[in-house]
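These are my notebook entries on a single protein chain, written down as I looked things up. I kept each entry to one topic.

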Amino acid sequence: MAETVQEDRRFLRDDWYGEEISGRHYARCAFHEVDFSEAVTRNAVFTDCVFGNVRFNASRHTDSAFTGCSFRRCTFFDAEFTGCKLVGATFTECELRPLRVTGGDWSFAGLAGADLRAVTFQGVRMREADLTGANCAGAVFADVDLSGASLHAVKLAKAELRGSDLSALDPLDAELAGAIVSPEQAAVLVTSLGLHVRA
């Protein structure tokens, strides 16, 4: 059973290193300079919380939610999110490499300008996410729902994109050299250029 919701609390320089956070719910809380390194969350809920200069290095998150949360200057070195919900979460000046995300819902997430080189998103829902100007070179976006996403000036050189919805991608407004796509995706991209493919 989930614990009582902790609301409007402020956590400053707390040491949560390696802590197991299960079934807890935090709403509108502020976490500043907290160490979440190697912490494990499971079925934890963070709603409209603010994280500033927080270390999530090597942390593992499973079936947890960070909806509407704001992350500023946080580090996620070697962090993993599995089946998590980060709808509406925003990331500003964060270090997100290397990061692995499997499943879950990151729709409306704000990742504009983020350095996402070589990160992995597998089977993630990212509808209407903001990836404007993000550097995703060498990243893996496999079976990702990017429908309606903001992809202006996104860098996807040598990225693995197979199985993902690329309907919102303008090939003339992105860096795609060496990106890997399926024949079906190639047809979508060609159509978006106004070309017709005929046998």
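**Entry 1: a term, and Arg13**

Before anything else I wrote down what exposure means here: a residue is called exposed when its relative accessible area is over 50%, buried when that area is under 20%, and partly exposed in between. I also noted that I am working with a predicted model, and that the values in these entries are computed from it.

I then looked up how Arg13 stands to Arg117, and found that the two are 104 residues apart in sequence, with 29 Å between their C-alpha atoms in space.

Next I looked at Gly52, which belongs to strand β8 (residues 50-52). Is Gly52 buried or exposed? With a relative accessibility of 7%, Gly52 counts as buried, because the limit for that word is under 20%. Along the chain Gly52 and Arg72 are 20 residues apart, yet their C-alpha atoms are separated by 4.9 Å.

**Entry 2: salt bridges**

I started this entry with a reminder that side chains of opposite charge can pair when their charged atoms come close. How many salt bridges does the structure hold? I found 12 salt bridges, and I followed some of them in detail.

In one of them, the side chains of Asp8 and Arg28 meet with an N to O distance of 3.1 Å. This pair links distant parts of the chain, for Asp8 lies in the loop between β1 (6-7) and β2 (10-12), while Arg28 lies in the loop between β4 (25-27) and β5 (30-32), 20 residues apart. Asp8 is exposed because its relative accessible area is 54%, whereas Arg28, at 41%, counts as partly exposed. I also noted that Glu7, Asp8 and Arg28 are linked in a network of salt bridges.

Another salt bridge joins Arg24 to Glu19, with the closest N and O atoms 2.7 Å apart. The relative accessibility of Arg24 is 16%, so Arg24 counts as buried. Glu19, on the other hand, has a relative accessible area of 25% and is therefore partly exposed.

The next pair I checked was Glu80 with Arg60, where the closest N and O atoms are 3.7 Å apart. Here too the pair links distant parts of the chain, with Glu80 in strand β12 (residues 79-82) and Arg60 in strand β9 (residues 60-62), 20 residues apart. Glu80 counts as partly exposed because its relative accessibility is 28%, and Arg60 counts as partly exposed because its value is 27%.

**Entry 3: the backbone**

For this entry I kept in mind that most residues other than glycine have a negative phi, and that most peptide bonds are trans. Which peptide bond is cis, with omega near -15°? I found that it is the bond from Arg97 to Pro98, and that Pro98 lies in the loop between β13 (90-92) and β14 (99-102).

I then turned to phi. Glu128 has a positive phi, near 60°, although it is not a glycine; its place is in the loop between β15 (120-122) and β16 (140-142). With a relative accessible area of 45%, Glu128 is, so to speak, partly exposed. Ala153 likewise has a positive phi, near 60°, and lies in the loop between β16 and β17 (154-155). The relative accessible area of Ala153 is 33%, which means that Ala153 is partly exposed.

**Entry 4: a cavity and a patch**

Rolling a probe the size of a water molecule over the atoms shows where empty space is left. The count came to 1 cavity of 30 Å³ or more, and the largest cavity holds about 60 Å³ of space. Among the residues that line the largest cavity are Leu131, Cys136, Phe141 and Val154.

Last, I looked at the surface, where Leu172, Leu193 and Leu195 form a nonpolar patch with about 320 Å² of accessible area together. Leu193 is placed in the segment after α1 (183-192), and counts as partly exposed because its relative accessibility is 38%.

Key. Residues numbered from 1 in each chain as written. Predicted model: local features only at pLDDT ≥ 70, side-chain atom pairs only at ≥ 80, totals over all residues. Heavy atoms only, no water. 1 Å grid on protein atoms, 1.4 Å probe; cavity = no way out; pocket = protein on both sides within 12 Å on 5 of 7 lines; lining within 4 Å. Points joined across faces, edges and corners; volume = space filled by probe spheres on them. Patch = residues over 30% accessible without salt bridge, like charges linked within 9 Å, V, L, I, M, F, W, Y side chains within 5 Å. Areas by Shrake-Rupley, 256 points an atom, 1.4 Å probe, with all protein chains shown as cover. Salt bridge = Lys/Arg side-chain N within 4 Å of Asp/Glu carboxyl O. Helix = DSSP H or I, 4+ residues; strand = E, 2+ residues; numbered from the N terminus. Buried < 20%, exposed > 50% of the residue type's maximum accessible area, 1.4 Å probe, protein only.
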